[in-house]
Amino acid sequence: LEPTVQWLKDLGLDDAQVAKVIVSNPQVFGYSLENNLKPKIEMLREQGFAADQIVRIVSSFPPLLGLSAKRLVSHMKVLEARDSLTEKSLCTVMRLTDAQFAARFS
């Protein structure tokens with residue numbers, strides 16, 4: 001448990017945000033730091049999200065950490081192609097089912 005909590009704090013989440021992530025997505029403790037969590041954060045960085053934006057994304061939508069990297073990348077590409085990739089739009093579309101996403105963006 002401790003490495004995941006420390007990693008979340010190292011990202012910049014405060015204690016309340018870490019608690020929110022854990023309460024709303026306890027599965028986070030089962031995710032690999034090296035193979036799941038860190039690569040997802042790197043994907044967000046590569047898309048130009050700043051550290052404070054990443055903190056807001058993770059704390060406002062903790063399940064993002066458990067979604068597949070393929071899904072995250074595909075959704076970001078669609079938003080980027082529409083010039084609408086923001087932290088708010090990303091959190092909104094990642095909440096959609098694949099069918100809802102396809103209906104909205106096809």
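**Helices and Loops in a Predicted Model**

Visitor: Where is N36 found?
Guide: N36 is found in helix α3. Helices here are DSSP runs of H or I with at least four residues, and strands are runs of E with at least two, numbered from the N terminus.

Visitor: What sort of model is this?
Guide: This is a predicted model, in which local features need pLDDT of at least 70 and side-chain atom pairs count only at pLDDT 80 or more, while totals for chains, interfaces and linings use all residues. Residues are numbered from 1 along each chain as its sequence is written, and side-chain values use heavy atoms, with hydrogens and water left out.

Visitor: Back to N36, then. Is N36 buried or exposed?
Guide: N36 is buried, because its relative accessible area is 17% (buried means under 20%, exposed over 50%, and partly exposed in between, with a 1.4 Å probe and protein chains only).

Visitor: Which side chain is joined to that of N36 by a polar contact?
Guide: That of K40, at 2.4 Å. A polar contact is a pair of N or O atoms within 3.5 Å; within protein, one must be able to donate a hydrogen and the other to accept it, and residues adjacent in sequence count only if both are side-chain atoms.

Visitor: And which residues is N36 in contact with, leaving aside its neighbours within four places in sequence?
Guide: Y31 and L65 are in contact with N36 on that basis, where contact means heavy atoms within 4.5 Å. The C-alpha atoms of N36 and S68 are 8.5 Å apart in space, although the two are 32 residues apart in sequence.

Visitor: How do α3 and α4 pack?
Guide: The angle between α3 and α4 is about 130 degrees, and their axes are 10 Å apart. Axes are lines fitted to C-alpha atoms, for helices over the stretch in contact, and angles between N-to-C directions run from 0 to 180 degrees. The two helices, α3 and α4, are therefore oblique to each other (under 35 degrees is roughly parallel, over 145 roughly antiparallel, 65 to 115 roughly perpendicular, and the rest oblique).

Visitor: Which residues in α3 and α4 meet?
Guide: I41, L44 and R45 in α3 meet I54, I57 and V58 in α4. By class, this contact of α3 with α4 has 5 nonpolar, no polar and 1 charged residues.

Visitor: What about α5 and α7: at what angle do they pack?
Guide: Helix α5 (residues 69-81) and helix α7 (residues 98-105) pack at about 15 degrees, with axes 12 Å apart. That makes α5 roughly parallel to α7.

Visitor: Which residues of α5 and α7 meet there?
Guide: From α5 there are R71, H75, V78 and L79, which meet D98, F101 and F105 in α7.

Visitor: How many of the residues of helix α6 are buried?
Guide: In helix α6 (residues 87-94), 6 of the 8 residues are buried, so the helix is largely enclosed by the rest of the structure. They are E87, S89, L90, C91, V93 and M94. These buried residues pack against α3 (33-46), α4 (51-60), α5 and α7.

Visitor: Changing topic, where is the place of D83?
Guide: D83 is in the loop between α5 and α6. D83 is exposed, with a relative accessible area of 73%. Its phi is positive, about 55 degrees, although D83 is not a glycine.

Visitor: Is N25 buried or exposed?
Guide: N25 is buried, at 5% relative accessible area. N25 is found in the loop between α2 (15-24) and α3. Leaving aside neighbours within four places in sequence, the contacts of N25 are K20, Y31, P62, P63, L65 and G66.

Visitor: Lastly, where does S106 lie?
Guide: S106 lies in the segment after α7, and at 80% relative accessibility S106 counts as exposed. A polar atom of the S106 side chain lies 2.4 Å from the backbone oxygen of A102. The C-alpha atoms of S106 and V78 are separated by 9.7 Å, with the two residues 28 apart along the chain.

Notes: Nonpolar A, V, L, I, M, F, W, Y, C, P; charged D, E, K, R; others polar.
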